[in-house]
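Have the viewer open and follow along.

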Amino acid sequence: MILTKNSPPLPDELLRAQQSTQSFFRIAAIQMASGPNVQANLEEATRLIALAASTGARIIALPEYFAIMGMKETDKVLIRERDGDGPIQTWMSSMAVKHNVWLIGGSIPVESSVPNKVRNTCFVYDKTGKQVARYDKIHLFNFTMGSENFSEERTIEPGDRVVTFDSPYGRIGLSICYDLRFPELYRAMGDVNIIVVPSAFTATTGKAHWETLVRARAIENLAYVIAPAQGGYHVNGRETHGDTMIVDPWGVIEDRLPRGSGVVVAGVIPQFQQTARKSLPALSNRTIGVPKASPAVK
C-alpha cells in the first residue's frame with residue numbers, strides 16, 4: 001500500500017478487513033513505452049506478462065495501444081484487425097492460455113464502418129483463450145495546448161456501448177484513457193468490483209490530472225481500479241505520463257510505477273470492498289437513475 005499525502009489513515013474496521021485472506025487474489029497492470037514496430041512491442045509485452053504472471057496475478061491488464069504507437073496517427077489504421085481475426089488478437093489469446101490468466105488487452109486498432117478509421121478496442125480473454133468481452137472507446141480525446149494538438153476523431157470511430165462482464169473475480173467494467181474524465185460512464189456500469197482504464201495520457205494532462213481522476217473513480221464507485229499506462233518517451237517524439245497504478249475502493253494507491261516498462265501488482269480483498277460499501281453505502285444511496293450497462297460485446 002502506498003499512502004500519499006492526501007491519504008488519511010484507514011479506519012480500524014477497514015484495516016481489519018484488509019487483513020482478511022478470504023478470496024484474496026492478485027491483479028497486475030503493465031506499463032510500456034511502445035513504438036511503431038508491432039513485433040517488438042509484442043515481444044516486450046510477452047516479457048512483462050510473464051513477469052506479472054510470476055507474481056501470481058490472476059488478471060493482467062495491458063496499456064492503451066500496447067501493440068503500436070505509430071510515427072503518425074494513420075499508422076494504426078494500416079494494422080487494424082477484424083474482430084476475432086488478426087495476429088495481435090491471436091497473440092493475446094495465446095498469452096492468456098500460456099499463463100492461465102484473464103488478459104485485458106489494453107486497446108488495439110480494429111476495423112470500423114469508416115474505411116479510413118478504426119475502433120480503439122479493448123478485448124478481454126479468459127484463461128482458455130476465449131474472447132469474453134469487447135469494449136470500443138466512447139470518448140475521443142481532443143486537446144490543443146502550445147505545440148500539442150490531438151484530435152482522435154480524425155482516425156477513430158467512437159463506440160456507443162457501456163460494457164461490463166462477469167468473471168470468477170467479480171464484475172469488471174471497461175473503459176479507455178479519455179473515458180476517465182466522464183464519471184457518468186462509470187455510473188452507467190452499475191455495481192462493478194473492478195474498473196479497468198488502459199491509457200496513454202499525455203505528459204501535460206497526466207501530470208495535472210491523472211492521479212486525481214483515477215483515485216476519484218475508485219472512491220466514487222467503491223471499486224478497485226486497474227490503470228495500466230504508456231509511460232515514457234516514444235520514437236514518434238511523443239511523451240506519455242505513465243504512473244501506472246492500482247487503487248483500492250478507499251482511494252488508496254496500492255502500487256504504482258512512475259515511468260518506463262514494468263509491472264504493478266496488488267492484492268484484491270473482496271471483504272475489504274464489502275466492508276467499505278457497507279460502511280459507506282453511497283452506491284445504494286444514489287437517487288438519480290442511470291442506464292444499465294450492456295452485456296459483454298463479443
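## The largest pocket

Sorted by residue class, the lining of the largest pocket comes out as 11 nonpolar, eight charged and seven polar residues. Keep in mind that this is a predicted model.

The space in this largest pocket amounts to about 480 Å³. Its lining counts 26 residues, and those closest to the centre are Tyr 65, Glu 73, Lys 76, Phe 150 and Arg 238. Which strand gives the most to the lining of the largest pocket? That is strand 8, with three residues.

Strand 8 (residues 148–151) pairs with strand 7 (residues 142–145) in the antiparallel sense, over four bridges. In this pairing, Glu 148 of strand 8 has Met 145 opposite.

Two residues separate the strands of this hairpin, and Gly 146 in the turn shows a positive phi of about 60°.

## Helix 4 and its surroundings

Next comes helix 4, which covers residues 87–99. From first C-alpha to last, its 13 residues reach 18 Å, close to the 18 Å expected at 1.5 Å a residue. Just after the helix, Asn 100 adopts a positive phi of about 55°.

Which residues of helix 4 are buried? They are Ile 88, Gln 89, Trp 91, Met 92, Ser 93, Met 95, Ala 96 and His 99. Their cover includes helix 2 (38–54) along with strand 2 (57–61), strand 3 (102–104), strand 4 (108–111), strand 5 (118–125) and strand 6 (131–136).

Definitions and conventions:
Residues numbered from 1 in each chain as written. Predicted model: local features only at pLDDT ≥ 70, side-chain atom pairs only at ≥ 80, totals over all residues. Heavy atoms only, no water. Expected span 1.5 Å × (residues − 1). Buried < 20%, exposed > 50% of the residue type's maximum accessible area, 1.4 Å probe, protein only. Contact = heavy atoms within 4.5 Å. Pairing = 2+ DSSP bridges. 1 Å grid on protein atoms, 1.4 Å probe; cavity = no way out; pocket = protein on both sides within 12 Å on 5 of 7 lines; lining within 4 Å. Points joined across faces, edges and corners; volume = space filled by probe spheres on them. Nonpolar A, V, L, I, M, F, W, Y, C, P; charged D, E, K, R; others polar.
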